[in-house]
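Please read it alongside the sequence and the coordinates.

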2 protein chains.
Amino acid sequence: MADLQEFSDFAQALADASRAIITDAVQRPYELEIKPDQSPVTAVDKAVEDKIRQLISDRFPDHGVLGEERADTNPQAEFKWIIDPIDGTLPFLAGLPVFGTLIALVRGEGPVIGVIDMPMTQDRWVGCQGQVTTRNGAPVGCRPCTSLTEAMMASSNPNFWSDSDRAALGRMNGATRWGVFGGSCMTYGQIASGHIDVGIEVGYDIHDYLALVPVVQGAGGVISDWAGAPLTIASGDRFVAVGDQRLHEQALKTLEGA
Amino acid sequence: MADLQEFSDFAQALADASRAIITDAVQRPYELEIKPDQSPVTAVDKAVEDKIRQLISDRFPDHGVLGEERADTNPQAEFKWIIDPIDGTLPFLAGLPVFGTLIALVRGEGPVIGVIDMPMTQDRWVGCQGQVTTRNGAPVGCRPCTSLTEAMMASSNPNFWSDSDRAALGRMNGATRWGVFGGSCMTYGQIASGHIDVGIEVGYDIHDYLALVPVVQGAGGVISDWAGAPLTIASGDRFVAVGDQRLHEQALKTLEGA
């Protein structure tokens, strides 16, 4: 585990660099570009990713880097850093403080370290295989919740859901006590901190979900695809996370309408 | 306007008191109660409202106070304070930093002062009739946006929308460039600060919407019910706010499906 601790410390140094860029950038206007798929990207996303890539290549030149805004580096390496410079670009543009920087370290196919860094509230969750997840350095844990009927559910943006997926979202809304929307990556930090019981998403890619895995797991939660399989670098675009393991099967069944 | 300035300063003192209670309370567990309508209320909501009521009755004993959690005081007074101790109770419970305290002063039927205070990000918008809206003391303004097709739209919680209202939400989603959800009262601060172009809501009551009116109007925006009428203490539960006046008619037509 000595290796992982070194990498975990380094991941936090990456998050420090990212937070410094973002908290400075939001003080003034920044360039906005509409990508071919109509999704927005800003000069801030690019500046964060470039800085993180530079820090990684200086320190671990053999590692891979898969970021959202630039071409992949060493994608076949054993250790790969998966970066989302700003997860929640729409909240970022809208000035809603639920966007964050996501940093994952993958060994082979699976994530072993994850950092969720929230620049606007200065919250940081760090997950590291074999360790308890921390929020701002203090250990955290998911809360008990034995039934979806008592659960606080969260999901990011209902507009990301296709009509057929929306039926699954509707079933989850019906099965849970409360639903909140728009939390982006912070939802999964708050599952680890025991404030949210279930998170469900569609339309996510590796940059969005891999960092969440060690954070949720290290707090006692479960995160998987909708079939119940662990999330790896090769998973599909939808996942579910629960704080209490007893909710996992209930959530999977509700999602698939069984 | 001397009167209003005094009231505006006092409204900010109320927000100071509220913020102190909330930022302290989130450090530890708090009591949660499920109201008969299944909506949640916490001991923090009640503590904030009680403190604000006490400060108002000490300073302006003849004023009315209409809060969300306690019985109305002097509801026939010329000046009435309308308080939502925590707007965005679900985000508050979920640990998402988009909840805030709303304080409005109504003279007769219409709001003349509004404060949106965000304890987690320490942001405060203050609107006062005849003055430019401020964010943390600095003047702000809505941004230009001439067409819904270019607009960032926001709304709080799609679960609050009935099936028939959802058709209107779907039309707005189709007509605008981007939609973000879950922003609660902060959406309307960010319309005033030029980060969001359109906000739409249903299921709101006077505690939720009156404080938003002076904030949006004092930044150059328009806020009305879905028929285009100004919001007063007697308005219904749905409203639309736009940063650029040229979007108002487009939004009203899209909402009604005309």
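## Helix packing in chain B

The crossing of H4(B) and H8(B) is right-handed, a crossing being right-handed if the near helix is turned clockwise from the far one by less than a right angle, and left-handed if anticlockwise. H4 covers residues 163-175 of chain B and H8 covers residues 246-256 of chain B, and their axes lie 7 Å apart at an angle of about 135°; axes are lines fitted to C-alpha atoms, for helices over the stretch in contact, and angles run from 0 to 180 degrees between N-to-C directions. H4(B) and H8(B) are therefore oblique to each other, since angles under 35 degrees count as roughly parallel, over 145 as roughly antiparallel, 65 to 115 as roughly perpendicular and the rest as oblique. Helices are DSSP runs of H or I with at least four residues, numbered from the N terminus.

On the H4(B) side, Ala168(B), Arg171(B), Met172(B) and Ala175(B) meet Ala251(B), Thr254(B), Leu255(B) and Glu256(B) of H8(B), where contact means heavy atoms within 4.5 Å. By class, this contact of H4(B) with H8(B) has 5 nonpolar, 1 polar and 2 charged residues (Ala, Val, Leu, Ile, Met, Phe, Trp, Tyr, Cys and Pro count as nonpolar, Asp, Glu, Lys and Arg as charged, and the others, Gly among them, as polar).

## Basis of the model

This is a predicted model, in which local features need pLDDT of at least 70 and side-chain atom pairs count only at pLDDT 80 or more, while totals for chains, interfaces and linings use all residues. Residues are numbered from 1 along each chain as its sequence is written, chains are lettered from A and ligands numbered from 1 in the order in which they are written, and side-chain values use heavy atoms, with hydrogens and water left out.

## Domains of chain A

The domain assignment of chain A gives domain 1 (2-139) and domain 2 (148-256), with bounds that come from an automatic or database domain assignment. Their contact takes 36 residues from domain 1 of chain A and 27 residues from domain 2 of chain A. About 2,200 Å² is buried between these two domains, 68% of it from carbon and sulfur atoms; buried area is the accessible area (1.4 Å probe) that two parts lose on being put together, summed over both.

## Contact between the chains

In the contact between chains, 31 residues of chain B meet 31 residues of chain A.

Notes: Helix = DSSP H or I, 4+ residues; strand = E, 2+ residues; numbered from the N terminus.
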